[in-house]
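Student: Could we go through this structure together? I would like to begin with the strands and then turn to a chain contact.

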Amino acid sequence: MFQLADFSVSFGTATALRRATLDIRQGDRLGIVGESGSGKTMLALALMGMAPDAATISGRLTIDGHDMTHATEATWQQMRARRVAMIFQEPMSALNPLRRIGDTVMEPLIVHEGLSRAQAQARVLALLEEVGIPDPAARLRMFPHELSGGQRQRVLIALALACNPALLIADEPTTALDANVALRITDLLVRLAQERGMALVFITHDLAAVARTTKDIVVMYGGDMIERGPTAQVLSAPAHPYTQGLLAARPDPTVPPRDATGKRRRLPTLPGTVPPLAALPQGCRFSGRCSVELPQCAGTRPTDHALDADRSAACHLLGATP
Amino acid sequence: MTAPLLDARNLTRRYRLPRTSLLHPAPVLTAVDNTSFTIRAGETLGVVGESGSGKSTIARMVMAFETPDAGEVLFQGQNLHALSPYELRLQRQKFQMVFQDPFGSLDPRRTVGWSIAEPMRAIGADTDTARRTAEALEQVGLPARDADKYPHEFSGGQRQRIAIARAIVTRPALLVADEAVSALDVSVQAQILNLLMDLQDDLGLGILFISHDLAVVASICDHILVMQHGKPLESGPAAQVLRSPAHAYTQTLLKAAGVST
Amino acid sequence: MTRRLPVNFILGAVLVALVVGTAALSLVWTPHDATLMTISNKFAPPSATHWLGTDQLGRDVVSQLMAGARNSMAVALVAVLLGGSVGVALGLLASAIGGWVEDGVMRLADLGFAFPALLFAIMLAAVFGPSLTNAVLAIAFINIPVFARVTRGAANQVWTLDYVLAARAAGMNRFAISRDHILPNIAAAIIVQATIEFAVAILAEAALSYLGLGAQPPASSWGRLLSEAQTLMYLAPQLAIYPGLCIVVAVVGFGLLGDGLRDMSDPRLSRER
């Protein structure tokens with residue numbers, strides 16, 4: 001359905017996304033995991049045709065077989081909402097504070113689908129019900145500030161679903177929410193994707209949330225897709241040194257904070273920080289911070305090595321041991 | 001048993017909300033309800049809860065930014081809220097705070113060295129400022145020459161290190177960390193948590209560590225206090241709370257924090 | 001990436017430079033002595049020696065306008081500095097202490113807003129006699145509530161920021177925090193306000209002088225020139241038009257400059273550029 005091939009986004013000499021390759025099929029639930037500066041948000045924007053104007057784009061993006069790489073804004077407007085829709089991290093700022101919930105959600109139905117107000121209102125009621133908002137008829141007349149954070153996020157999901165998109169992109173949808181609200185939102189996203197046969201791209205830095213929500217994941221670092229495969233397999237047996245380091249750095253609540261002698265355990269860390277885009281190494285983006293570096297890492301970009309039928313990682317180490 | 005470093009007894013804090021009607025009295029929100037805890041030197045207490053659980057209000061009361069409506073905060077045996085404003089300002093060097101947002105906690109118009117030295121200037125310790133600023137920077141893993149730079153020249157993790165340097169420059173006995181790693185990337189989070197542990201070992205700090213993330217709390221805290229809607233739900237040694245959570249809400253937090261399952 | 005300056009800023013800066021430059025020049029040089037009367041040469045048309053002609057007493061119009069610019073600028077400057085300092089101090093104090101002090105200062109500011117400046121100047125003139133000093137005091141007085149309100153609003157925002165909380169945690173007192181953190185971080189807003197108030201002050205000075213409550217003869221100011229020319233409107237309308245144009249140029253110039261500065265200091269607008 002959605003296909004990226006060798007897709008790159010760069011600003012001058014800084015590459016935000018490097019030769020990304022991705023296939024999204026109906027019913028997929030794909031997690032994009034990475035830290036800040038990994039290129040995960042740029043990937044989402046590219047899939048929405050919203051890459052910044054200043055960016056240089058190369059490679060190929062096709063949606064339903066149509067080449068959308070350099071599509072015009074008008075073409076993208078046809079595509080957005082109906083084929084691909086997006087929800088954002090901050091549920092408050094994504095809603096116009098001066099408009100009632102009902103009017104906001106009705107707008108795309110009236111504009112894109114040409115429904116009458118009465119028809120649109122009936123659809124909105126059904127949508128709000130579907131995303132689990134209690135007493136939707138009363139909520140229609142409310143303003144965003146009268147809803148809790150979790151309910152606002154549900155409204156945004158309803159808004160995104162209004163025109164039955166084939167793909168829903170969720171960019172850090174749970175980061176601003178409390179833990180048990182976040183749990184319910186991820187459950188909702190999974191349920192909606194299953195019931196509607198809709199593809200879901202879930203972008204996050206939260207490994208716990210991605211584990212609950214997705215079937216497959218892509219791990220990104222410095223604009224590169226460095227590892228991919230079924231979520232459970234990647235998280236339980238990561239192949240790329242970066243994925244390994246990231247998982248190890250995540251505190252495990254089942255390990256007591258002090259060892260037998262009463263000394264506090266230190267967490268394993270990745271040294272350093274993600275370098276700025278323009279200063280990333282030319283070869284493997286992770287070189288310089290990697291614990292098992294080979295001589296060729298800094299200069300040569302590693303290719304994807306298949307580990308399994310549906311798993312691969314881009315690391316020179318894996319090529320060295322066939 | 002030595003006396004605890006910090007002894008918070010029956011803290012209660014209520015806020016008056018805006019009136020919704022002329023005819024009814026303004027509604028009152030109880031942000032923190034009858035909550036007690038202690039922290040000993042060299043130990044970390046984790047307060048876990050979500051927004052609205054009252055955990056940040058606890059931090060503000062311990063820091064004496066707010067006065068509790070009932071209960072008291074005894075720091076080294078002294079009731080902080082009974083001190084005169086002048087005495088309180090002098091005491092402040094002994095309990096310091098690290099904030100959540102590494103981009104908001106440093107004045108953008110001041111050099112890093114100026115900000116770090118602020119707690120020393122506040123108590124009139126003008127001598128040795130440069131040396132102790134440099135020392136504090138090195139303690140948090142930054143080069144001493146960074147003192148002349150401005151906050152915008154640093155990444156989020158580095159800024160949090162600077163904020164920690166400011167908090168330890170007066171060699172306090174207690175550090176309050178309010179969501180101090182929540183805004184950071186996972187790999188940087190671990191570095192800052194380790195730094196806090198190192199400093200605790202070196203300086204014998206007591207730490208009040210506030211977070212919504214049970215996994216982070218579990219990695220650093222000796223004791224855990226779980227809060228919901230301003231009420232203490234359960235508390236105890238970290239291992240016990242994590243292994244056999246008594247409350248369903250704690251289990252939810254544990255589920256949200258876990259990578260497995 | 002170069003940031004383009006807003007158009008109103010450039011235009012305002014040019015006009016302000018023109019007016020201020022002229023006023024500064026008059027300190028050292030005017031074509032003629034502005035107060036020198038040559039009755040035989042009254043109402044002279046523009047010529048090589050008198051670029052805009054002479055007035056009813058044969059004084060050189062250009063020289064008078066230049067001297068007037070100097071006086072108008074000086075009055076506006078002193079008044080804004082004086083009123084601004086008091087207003088900013090009150091605003092900072094209100095914001096730092098809060099509670100009933102803040103309420104009290106703000107109600108006083110409301111009172112000041114409700115009180116017309118001209119009325120106050122007339123009152124001052126009635127008690128102490130009309131003079132330029134009293135005009136300055138009256139204009140300064142009306143500036144106090146404006147600055148107090150702007151300062152307190154901006155300061156209250158900064159007080160909620162974490163670095164201010166950190167300074168409190170460090171044990172700094174409220175006055176030191178106001179000096180070290182609050183003032184530097186609201187300076188931009190105050191400068192913008194001062195520029196706009198400068199335009200208002202020029203207008204107020206002209207109005208007071210026009211009513212005879214400001215600059216006294218032989219001192220010149222645009223308002224006085226306007227008032228003197230009033231009786232000669234049919235005979236020599238140009239004598240009223242020239243100072244009027246000067247006031248317009250100065251007020252529009254400072255107004256645009258203030259708007260431009262505000263546009264530049266507003267991050268929501270500058271990000272677009």
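Tutor: Please keep in mind that this is a predicted model. In chain A, strand β1 (residues 2–11) pairs with strand β4 (residues 56–63).

Student: In which sense do β1 and β4 of chain A pair, and over how many bridges?

Tutor: They pair in the antiparallel sense, over seven bridges. Within that pairing, Gln3(A) has Thr62(A) of β4(A) as its bridge partner.

Student: And which way do side chains point in a regular strand?

Tutor: In a regular strand they alternate between the two faces of the sheet.

Student: What about β4(A) and β5(A), how many bridges there?

Tutor: Strand β5 (residues 66–67) of chain A is antiparallel to β4(A), with two bridges. His66(A) in β5(A) is the bridge partner of Ile63(A).

Student: Which residue in that hairpin takes a positive phi?

Tutor: Asp64(A) does, with a phi near 50 degrees; the hairpin has two residues between its strands.

Student: New topic: how much area do chains B and C bury between them?

Tutor: About 1,700 Å², of which 57% is on carbon and sulfur atoms. The contact involves 22 residues from chain B and 16 residues from chain C.

Student: How many salt bridges and polar contacts are there across it?

Tutor: Zero salt bridges are found between chain B and chain C, while ten residue pairs are in polar contact.

Student: Which element of chain B gives the most to the side that touches chain C?

Tutor: That is α3(B), with four residues. By class, this side of chain B has nine nonpolar, four polar and nine charged residues.

Conventions
Residues are numbered from 1 along each chain as its sequence is written. Chains are lettered from A and ligands numbered from 1 in the order in which they are written. This is a predicted model: local features need pLDDT of at least 70, side-chain atom pairs count only at pLDDT 80 or more; totals for chains, interfaces and linings use all residues. Side-chain values use heavy atoms; hydrogens and water are left out. Two strands pair if DSSP finds at least two bridges between them. Contact means heavy atoms within 4.5 Å. Buried area is the accessible area (1.4 Å probe) that two parts lose on being put together, summed over both. A salt bridge is a side-chain nitrogen of Lys or Arg within 4 Å of a carboxyl oxygen of Asp or Glu. A polar contact is a pair of N or O atoms within 3.5 Å; within protein, one must be able to donate a hydrogen and the other to accept it, and residues adjacent in sequence count only if both atoms are side-chain atoms. Ala, Val, Leu, Ile, Met, Phe, Trp, Tyr, Cys and Pro count as nonpolar, Asp, Glu, Lys and Arg as charged, and the others, Gly among them, as polar.
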